Amino acid sequence: VKVAVLISGTGTNLAALIAYAREPASCVQIALVISNKSGDVEELRNAARAGIPTRVIDHKLYGSRSEFDHTIDRVLEEFSVELICLAGFMRILSSAFIRKWYGKILNICPSLLPSVKGGNAHKQVLQAGVKVTGCTVHFILEEANTGAIILQEPVSVNTDDTEETLLERVKEAECRAFPIALQLVASGVVRLGADGKTCWKQGT
Ligand code: GRF
C-alpha cells in the first residue's frame, strides 16, 4: 500500500514510519514525503537518502488554502498514493481535500483525544494535573482535531514532569503507535465507515 507522509516539523514520526515500512511484515511502502517547510530540511534529506521521493510544497507560495491543497492532491495522484499520514503536519486541510480522501488520512495527536485537544496539549495536561496522557492516531474528519480513533497509547504523568519531558515520552509512544495504526489500516483490519466511525473487521 502506497503511503505519503506529510510533515512540517522535526520528522521523528516520519523516521519511525520509514523504519517500520522496511520490516518484512509491513504491507506499507512510503512512496512520498511532502513538507510544507522550505529551506534546509534535514528530514527530507534523510528520506531522500532512504530512496524516498520528497517534495517541498510551501504554503506561503499559494494564494489560498484550496490552491495549496490542490497542489498536494496533484502530487499524491502523481505518485499513486493510497494512504496519507499526517506526521506533525501543521496545516489544516480544506474540507474538499478531506472529503476526497475520506478514510485515507491518518493523523497523530500528542494527547488522549477527546479529553485534551489543541496545540498546547502537554501544557494543558500539566495545568489540569491529570495523571495519564498519551497519544492518539485517528482518521481525519472535517473538523480539526476530532476524528475517528484508531489507536491510543497511554503515558503516565510524573510529578516532576515538565512540558519537555512529557513531550519526549509522548513522542516515544507516538513512534510506536503510528506505525501500528498505519498497518491496521493498510491491511484492512480497520477502516473509516460512512458514519464517521471506525469499523473493525469481524474477529479482530
Ligand atoms: C508530534 O508530537 C505530533 O503529535 C504533533 O507534532 C509532532 C511532530 O513531531 N502533531 P515530529 O515531526 O514527528 O518530530
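Reply: Contact here means heavy atoms within 4.5 Å. Helices (H or I, at least four residues) and strands (E, at least two) are DSSP runs, numbered from the N terminus. This is a predicted model, in which local features need pLDDT of at least 70 and side-chain atom pairs count only at pLDDT 80 or more, while totals for chains, interfaces and linings use all residues. Residues are numbered from 1 along each chain as its sequence is written, and side-chain values use heavy atoms, with hydrogens and water left out.

Me: At about what angle to S2 does helix H3 run?
Reply: Axes are lines fitted to C-alpha atoms, for helices over the stretch in contact, and angles run from 0 to 180 degrees between N-to-C directions. Helix H3, residues 65–78, lies across S1, S2, S3 and S4. Its angle to S2 is about 160°.

Me: In what order do the 7 strands of the open sheet stand?
Reply: Two strands pair if DSSP finds at least two bridges between them. The pairing in this open sheet is mixed. The order is S3-S2-S1-S4-S5-S6-S7.

Me: Why is one side of strand S3 and of strand S7 left without a neighbour in the sheet?
Reply: Strand S3 (54–56) and strand S7 (147–156) each have a single partner strand, so one side of each lacks a neighbour in the sheet. The reason is their place, at the edges.

Me: Which residue in S4 is the bridge partner of Ala 4?
Reply: Strand S1 (residues 2–7) and strand S4 (residues 83–86) run parallel and are joined by 4 bridges. The partner of Ala 4 in S4 is Ile 84.

Me: Which strands does helix H1 touch?
Reply: Helix H1 covers residues 12–21 and packs on the sheet. Its direction makes about 165° with that of S2. The strands it touches are S1, S2 (29–35), S4 and S5 (105–109).

Me: Which peptide bond is cis?
Reply: Pro 114 sits in the loop between S5 and helix H5 (121–128). With omega near 0°, the cis bond is the one from Leu 113 to Pro 114.

Me: What is the radius of gyration of the chain?
Reply: The chain has 6 helices and 9 strands. The globule rule (2.2 Å times the number of residues to the power 0.38, with the radius taken over C-alpha atoms) gives 17 Å for 204 residues. The chain is close to that value, so it is as compact as a globular protein of that length, with a radius of gyration of 17 Å.
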